[in-house]
Amino acid sequence: MRFELAIDDSFFISSTQIGKIELKDLISKLKPMQKRRLSNFSKLAIGALLNLDEQLLEDEDWELVFASRHGDFHKTSELLTSLALKESVSPSGFSLSVHNAVAGMYSIFMQKKVPITAIAAGKDGLFAALTDAYIRLESKQISKVVVVLVDQSLPEQFAQYSDEQQKDYALAMVVSKVDERQGSRPHNLRFVRDQHVPHADDTAEPPVCEFAKWLDANQAQLNLSGSKQNWAIKRLN
Amino acid sequence: MAHAELNLAVKKLIIESLDLEDISPEEIIDDEPLFIDGLGLDSIDALELGLAIKKQYGVKIDANSEGTKQHFASVSSLCAFIVNHEIAQDCM
């Protein structure tokens with residue numbers, strides 16, 4: 001399988017920058033009542049989305065793809081702890097515990113009713129999200145897809161299940177079809193999947209982080225592995 | 001518990017359970033509506049606050065009763081509700 005995508009804009013934040021960049025500064029556009037129920041997970045996701053170039057989406061038909069391996073797992077594990085202790089579950093925690101909650105909140109904050117996909121595809125989330133974005137662009141009359149990928153280090157009690165580097169990160173992107181006539185865009189990329197089964201590597205960096213760093217670097221090609229998929233990503237320009 | 005003390009405790013409970021970090025207890029007016037107008041809380045806040053009050057004061061709140069709406073109208077009515085409950089408990 002292969003496809004091409006243009007990345008018009010991207011915003012990446014990860015553990016190494018958190019501290020230097022305050023999460024609350026990323027969401028300073030929001031009203032106080034909108035901010036208060038946001039967990040760190042939601043702040044990462046919505047913060048990255050709010051820092052995309054708004055003008056790219058103005059007057060455009062766009063859709064949203066949200067992908068996260070574990071979702072807001074810190075919140076989920078608090079709810080699970082309450083249940084295990086036979087305590088009442090927090091209603092506001094519960095209301096935001098579904099996988100697409102953050103994507104829904106973003107749509108409410110932006111006052112934009114857009115079709116949303118919420119993906120949980122393990123280590124293959126980046127590939128699943130970009131494949132979904134490509135299919136949306138090719139099969140519908142839309143010009144842009146906003147993609148957001150977000151995850152956090154596992155909560156302490158689940159750390160023993162870790163099978164990749166533990167990091168907090170979010171990557172938001174505006175993607176569109178590659179169109180040579182439109183002059184130079186920040187990134188025109190070709191994605192090619194090979195049929196090999198990836199090697200399991202419990203210490204590898206999450207593919208999203210590798211991809212985000214590569215976007216800003218100068219290498220021509222990036223080979224990325226999830227748990228089921230191997231992809232080669234090449235620059236076209 | 002003295003009236004003013006309970007009043008402050010309830011306001012602190014509202015702030016803490018509903019993540020209203022930017023609001024101080026003094027900013028919550030005793031007789032102003034907590035929901036929609038006034039403080040601007042919503043239905044999920046009502047559930048969360050009901051749970052917090054149940055945990056803190058052992059007051060069981062009936063989600064469907066008309067009375068509950070009145071009890072949750074303001075800080076003053078919530079305090080009165082808690083006090084009445086405590087008196088009822090003492091009499092049992």
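Student: What share of the contacts in chain A with a separation of 6 or more comes from residues 24 or more positions apart?
Tutor: That share is 76%. Two residues are in contact if their C-beta atoms, placed from the backbone, lie within 7 Å.

Student: What kind of model is this?
Tutor: This is a predicted model, where local features need pLDDT of at least 70, side-chain atom pairs count only at pLDDT 80 or more, and totals for chains, interfaces and linings use all residues. Residue numbers start from 1 along each chain as its sequence is written, while chains are lettered from A and ligands numbered from 1 in the order in which they are written.

Student: How confident is the predictor in chain B and in the complex?
Tutor: pLDDT is the predictor's confidence in each residue, from 0 to 100. Chain B averages 86, and 97% of the residues score at least 70. The complex gets an ipTM of 0.75 and a pTM of 0.87.

Student: How do you know whether the radius of gyration of chain A agrees with that of a compact globule?
Tutor: Apply the rule: 2.2 Å times the number of residues to the power 0.38, with the radius taken over C-alpha atoms. For 237 residues this gives a value near 18 Å; chain A has 18 Å, so the two agree. The C-alpha atoms fill a box of roughly 60 × 45 × 35 Å along the principal axes.

Student: Is Asp62(B) buried or exposed, and why?
Tutor: Buried takes 20 or more other C-beta atoms within 10 Å of the residue's own, exposed takes 12 or fewer, and partly exposed is in between; C-beta atoms are placed from the backbone. Asp62(B) has 10, so Asp62(B) is exposed. Asp62(B) is in the loop between α2 (43–57) and α3 (66–71) of chain B.

Student: Which residues of α6(A) are buried?
Tutor: Ala101(A), Val102(A), Ala103(A) and Tyr106(A) are. Their cover includes α3 (40–50), β2 and β3 of chain A. Helices are DSSP runs of H or I, at least four residues, and strands are runs of E, at least two, numbered from the N terminus.

Student: What makes β3 and β7 of chain A edge strands?
Tutor: Strands pair if DSSP finds at least two bridges between them. The open sheet has 8 strands in the order β3-β2-β4-β5-β1-β6-β8-β7 (chain A), with mixed pairing. β3 (116–119) and β7 (221–225) each have a single partner strand, so one side of each lacks a neighbour in the sheet.

Student: What makes β6 and β8 of chain A a pair?
Tutor: 6 bridges join β6 (187–194) to β8 (230–235), and the two run antiparallel. One of the bridge partners in β8(A) is Ile233(A), which faces Phe191(A).

Student: Which strands does helix α6 of chain A lie across, and at what angle to β2(A)?
Tutor: α6 (101–110) lies across β2 (62–67) and β3, at about 150° to β2(A). Angles run from 0 to 180 degrees between N-to-C directions; axes are lines fitted to C-alpha atoms, for helices over the stretch in contact.

Student: How many residues does each chain bring to the contact?
Tutor: Chain A brings 9 and chain B brings 8. α5(A) gives the largest share of the chain A side, 3 residues. By class, that side has 3 nonpolar, 4 polar and 2 charged residues. Nonpolar covers Ala, Val, Leu, Ile, Met, Phe, Trp, Tyr, Cys and Pro; charged covers Asp, Glu, Lys and Arg; the others, Gly among them, are polar.
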